[in-house]
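Have a look at it first, and then we'll go through a few spots together.

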Amino acid sequence: MDSLASQIKKTALNMGYEKCGIIKISDMSGYEEKLNERVGRIPETKPFYERFYRFAHLRDLYPWAKSIVICVSHYGKYHVPEHLQGLIGKYYLFDARRDAQSKELQDSLKFEEYMQGMGLKTENERKFGTTALRWAAVEAGLGIVRRNNFFYTESGSWIHLEAWLIDKELESKEIPTMAECPESCNMCVKSCPTASLSEPYTMNPSSCISFLTTFGGRDLPHERLNEQMGGWVYGCDVCQDVCPMNKHRWNATEEFPSLEELSHYISLEKILKMDYAFLEQIIQSKFWYINKEDVWKWKVNAINAMVNEYKGQYKEAIYDACSDSHAKVRKMAHWAIGKLNLLV
Ligand code: B12
Ligand code: SF4
Ligand code: SF4
């Protein structure tokens with residue numbers, strides 16, 4: 001390993017990243033093949049995956065880029081408010097990508113500043129990633145991809161990946177020593193509520209609960225998978241929660257900034273009664289996959305979760321939602337009353 005590469009890695013580890021590797025831009029070419037393979041296995045995913053081909057052709061957009069620095073940070077160290085388990089995906093509870101209060105974002109900015117200080121030109125798209133992050137992490141040998149499609153290190157899959165393009169050809173790779181999935185295991189595939197994860201190493205994004213509760217699922221009364229969405233309101237962790245390779249990999253030793261306070265405002269009933277200004281200003285700034293114009297979706301998702309995991313105490317909130325200021329929420333509440341036979 002040359003000295004600049006080892007200095008970059010050392011600095012990343014000192015800043016709190018669990019792992020750091022550096023690969024050449026050309027190492028991303030294999031991702032295109034995997035994308036083709038995916039689309040070949042589930043052709044209906046083609047329109048969704050079309051936009052990801054750019055991840056394999058980074059030079060088209062960044063002709064100056066020569067290597068990729070890929071870092072792993074572990075969020076399985078944070079305390080999860082118990083009543084949010086099964087409601088909001090854990091990745092989103094500890095999402096540091098736009099959270100100025102988070103140590104991870106501050107470290108990421110400092111690390112970037114450090115690389116620039118070393119004379120490197122850098123590019124990092126913090127929201128959705130400049131490239132295919134799992135592929136880059138596999139190429140750097142930082143861990144392995146398991147049958148549920150998640151990238152794992154020794155700390156399990158509860159990790160966030162982040163990458164920078166840099167304008168110098170460097171390399172720092174490892175050889176993973178982790179055991180593969182047990183041969184007979186298919187717990188993740190078996191447990192996926194919507195069969196989005198229909199077989200190992202593939203999935204259909206449009207039927208994934210994580211997609212249906214955020215970017216998709218805009219007509220839940222007619223959504224064929226609304227029942228399978230269960231109690232989830234934003235994201236889904238089922239295929240990671242059931243994985244034996246994640247057993248004992250969540251060690252809550254720290255509090256994520258402001259989460260405990262915010263969590264007191266969140267429950268299915270509280271979401272339904274939530275003020276739109278609060279949804280737009282507070283909830284949206286943390287859980288930003290649902291944009292400001294669409295915050296009604298929180299209430300619609302909450303009603304869906306209430307229908308799927310009904311308790312008598314929800315009745316009043318569902319009735320109140322019939323006079324919500326947003327037509328989509330009123331429609332969903334009427335649908336729920338019919339579905340639950342609440343009029344009888
Ligand atoms: C688009 C996207 C989504 C979409 C679509 C998901 C998808 N799987 O395509 C939606 C909105 C549904 C989504 C949801 C979630 N996402 Co997302 N998402 C992404 C994003 C932006 C691109 C993913 C992508 O390129 N998909 C296309 C497929 C073909 O590529 P891939 O999954 O990255 O990786 C494949 C290859 O690397 C290849 N491969 C590599 N090695 C090997 C080895 C073998 C043997 C084989 C066969 C294949 C193979 O196979 C991989 C898996 O099939 C990435 C960030 C990024 N820029 O990479 C985050 C990312 C994948 N998401 C992440 C997370 C945490 C989630 C959620 C868990 C959040 C939540 N709690 O709800 C859910 C999980 C849903 C799910 N089951 O995947 C993390 C995953 C971390 C990890 N440990 O792997 C990422 C990496 C974000 C990050 N910065 O850390 N996501
Ligand atoms: S995140 Fe949930 S819905 Fe999506 S593939 Fe995993 S288990 Fe299935
Ligand atoms: S549940 Fe089993 S098959 Fe799925 S990723 Fe975990 S170990 Fe692999």
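## Ile-23 and its strand

Ile-23 sits in strand E1, which covers residues 19-24. This is a predicted model, so keep that in mind as you read on. Is Ile-23 buried or exposed? Its relative accessibility is 0%, and buried means under 20%, so Ile-23 counts as buried.

Who does Ile-23 touch, leaving aside residues up to four places away in sequence? The list is Met-28, Ser-67, Ile-68, Ala-136, Glu-139, Ala-140, Leu-170 and Lys-173. As for Lys-34, this residue is 11 residues from Ile-23 along the chain, and the two C-alpha atoms are separated by 18 Å.

## Helix H14

Now for helix H14, residues 296-308. With 13 residues at 1.5 Å a residue, H14 should span 18 Å, and the 19 Å between its end C-alpha atoms agrees with that.

H14 is largely enclosed by the rest of the structure, because 12 of its 13 residues are buried. Among the buried ones are Trp-296, Trp-298, Val-300, Ile-303 and Met-306, along with Lys-297 and Lys-299. What do the buried residues of H14 pack against? Their partners are helices H9 (209-212), H12 (268-273), H13, H15 (315-321) and H16 (327-339).

## The second largest pocket

H13 turns up again in the second largest pocket, where this helix gives the largest share of the lining, 3 residues. The pocket holds about 200 Å³ of space. Two elements give two or more residues to its lining: helix H11 (259-263) and helix H13 (276-286).

The lining includes Asp-95, Arg-98, Asp-99 and Gln-101, as well as Pro-257, Ser-258, Leu-259 and Trp-288. By class, the lining residues divide into 5 nonpolar, 3 polar and 4 charged.

Technical notes. Residues are numbered from 1 along each chain as its sequence is written. Chains are lettered from A and ligands numbered from 1 in the order in which they are written. This is a predicted model: local features need pLDDT of at least 70, side-chain atom pairs count only at pLDDT 80 or more; totals for chains, interfaces and linings use all residues. Side-chain values use heavy atoms; hydrogens and water are left out. On a 1 Å grid over the protein atoms alone, a cavity is a set of points where a 1.4 Å probe fits but cannot get out, and a pocket is an open set with protein on both sides within 12 Å along at least five of seven lines; lining residues have an atom within 4 Å of a point. Grid points are joined across faces, edges and corners, and a volume is the space filled by probe spheres set on the points. Helices (H or I, at least four residues) and strands (E, at least two) are DSSP runs, numbered from the N terminus. Ala, Val, Leu, Ile, Met, Phe, Trp, Tyr, Cys and Pro count as nonpolar, Asp, Glu, Lys and Arg as charged, and the others, Gly among them, as polar. The expected span of a helix is 1.5 Å times one less than its number of residues. Buried means under 20% relative accessible area, exposed over 50%, partly exposed in between (1.4 Å probe, protein chains only). Contact means heavy atoms within 4.5 Å.
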